[in-house]
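Q: I am new to this structure and would like to learn how to read its features. Could you walk me through them?

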Amino acid sequence: MTSHRIAVVGGDGIGPEVSEEALKVARATGVILETTEYDLGAARYVKTKEVLPDGVLEELKGYEAILLGAIGPAIGSKEVPSGILERGLLLKLRFELDLYVNHRPFLSPNPHELAANKVCDMVVVRENTEGTYAGEGGFLRKGTPHEVATQGSVNTRFGVERVVRYAFDLAAKRPRKHLTLVHKTNVLTYSGDLWQRTFDEVSASYPAVEVAYNHVDASCIYLVENPSRYDVVVTDNLFGDIITDLAGAVSGGIGLAASANLNPERTGPSLFEPVHGAAHDIAGTGRANPIAAIRSMALMLDFLGETEAASAIEKSLETSPPQGLSTKAIGDFYAERV
Ligand code: IPM
Ligand code: MN
């Protein structure tokens, strides 16, 4: 059996705890993982003022994949200015490794207990390297009463087309073969127009995929009232950020939501992480839910070609653990079932 070289960035708060359970469950499938841990995140920044040293970035490029727990300081902490870790670590990895697809699946646990229209079985494909996240903008006359701040949105034909193609490919492989573009074309008439035209043009090569369009505000109503209408959704970086928190909340809670930051061309490692943050308030209490990290691990194994192990984890996740289990006990629960 081949072994896989994985970099593990446990990070801050509950990140290390949930990553440990994800690795435990992965190994229980029989897959061999050779892991190396990297100390990155708020704690390291506070100690050393380092965010992502160039040498570490270069080393990370040499792995097959990266598992990231969570990064970020406690809410209200004054030691790490807002944006330092987000831009300097997580977004830097997404950009430098060209992880242009943020693949975020949402599956309601215990779907048989829900009304049919409340069942979530969808994937949001979030563009992950452009939009408002590209960091275009700046200040003018900062700190004066006449201050100006701009924050642009970068949308390239190349960047939009490659993520839209990924979404069509994905939709074509799923039973429902349905893809919705989510944007705000009625107001963002430049970027929205580029997205809509690209979507329509790519659509012509996928006659088997049924398509739809929703404005992002309307998609929030549908996600709450009738999430079952969605199969695959493709959207820009910021809309994707927002609607995936909502989709997490309506499909069993953010503690279950997994994500894969993918470089589909495999020119470097892809990065797998739960959608949730560091949750410092419950760190070390055993109350963190490791399911999002475990499901992110399944996404990693699937991407690495370990499809049997990935399916075994996915299958095990169809059973919810008994109420009240600790982080470790939930990890054990799934480790015994894969
Ligand atoms: C996410 C997070 C990140 C984002 C933050 C931490 C930069 O919210 O992965 O959804 O905005 O993309
Ligand atoms: Mn987010």
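Q: Which residue is the bridge partner of Leu179 in β10?
A: In this predicted model, Leu179 has Val232 of β10 as its bridge partner. The two strands involved, β8 (residues 178-183) and β10, pair in the parallel sense over four bridges.

Q: What other strand pairs with β10 in the parallel sense, and over how many bridges?
A: That is β5 (residues 121-127), which pairs with β10 over four bridges. Here Val124 stands opposite Val233 of β10.

Q: Which way do the residues of β10 point, and are they buried or exposed?
A: Start with the general idea: side chains in a regular strand alternate between the two faces of the sheet. In β10 (residues 232-235), Val232 and Val234 point one way, while Val233 and Thr235 point the other way. All four of these residues are buried.

Q: In what order do the strands form the sheet?
A: Ten strands make up an open sheet, ordered β2-β1-β3-β12-β11-β4-β5-β10-β8-β9, with mixed pairing. The strands at the edges are β2 (32-37) and β9 (210-215); each has a single partner strand, so one side of each lacks a neighbour in the sheet. On average, neighbouring strands are turned by 25° against each other, direction ignored.

Q: How many bridges join β1 to β3?
A: Five bridges join β1 (residues 3-11) to β3 (residues 65-70), and these strands run parallel. In this pair, Gly11 stands opposite Ala70 of β3.

Q: Which strands does α8 touch where it packs on the sheet?
A: Helix α8 touches β4 (101-107), β5, β8 and β10, and its direction makes about 155° with that of β5. Another helix, α9 (residues 291-303), lies across β1, β2, β3, β4, β11 (258-262) and β12 (270-274). The direction of α9 runs at about 160° to β12.

Q: At what angle do α7 and α8 pack, and how far apart are their axes?
A: Two packed helices are described by the angle between their axes and the distance between the axes. For α7 (residues 216-225) and α8 (residues 237-250), the angle is about 10° and the axes are 10 Å apart. Angles under 35 degrees count as roughly parallel, so α7 and α8 are roughly parallel to each other.

Q: Which residues make the contact between α7 and α8?
A: From α7 come Val216, Ser219, Cys220, Leu223 and Val224, and from α8 come Phe239, Ile243, Leu246, Ala247 and Val250. Sorted by class, this contact has nine nonpolar residues, one polar residue and no charged residues.

Technical notes: Residues are numbered from 1 along each chain as its sequence is written. Chains are lettered from A and ligands numbered from 1 in the order in which they are written. This is a predicted model: local features need pLDDT of at least 70, side-chain atom pairs count only at pLDDT 80 or more; totals for chains, interfaces and linings use all residues. Side-chain values use heavy atoms; hydrogens and water are left out. Axes are lines fitted to C-alpha atoms, for helices over the stretch in contact, and angles run from 0 to 180 degrees between N-to-C directions. Angles under 35 degrees count as roughly parallel, over 145 as roughly antiparallel, 65 to 115 as roughly perpendicular and the rest as oblique. Contact means heavy atoms within 4.5 Å. Ala, Val, Leu, Ile, Met, Phe, Trp, Tyr, Cys and Pro count as nonpolar, Asp, Glu, Lys and Arg as charged, and the others, Gly among them, as polar. Buried means under 20% relative accessible area, exposed over 50%, partly exposed in between (1.4 Å probe, protein chains only). Two strands pair if DSSP finds at least two bridges between them.
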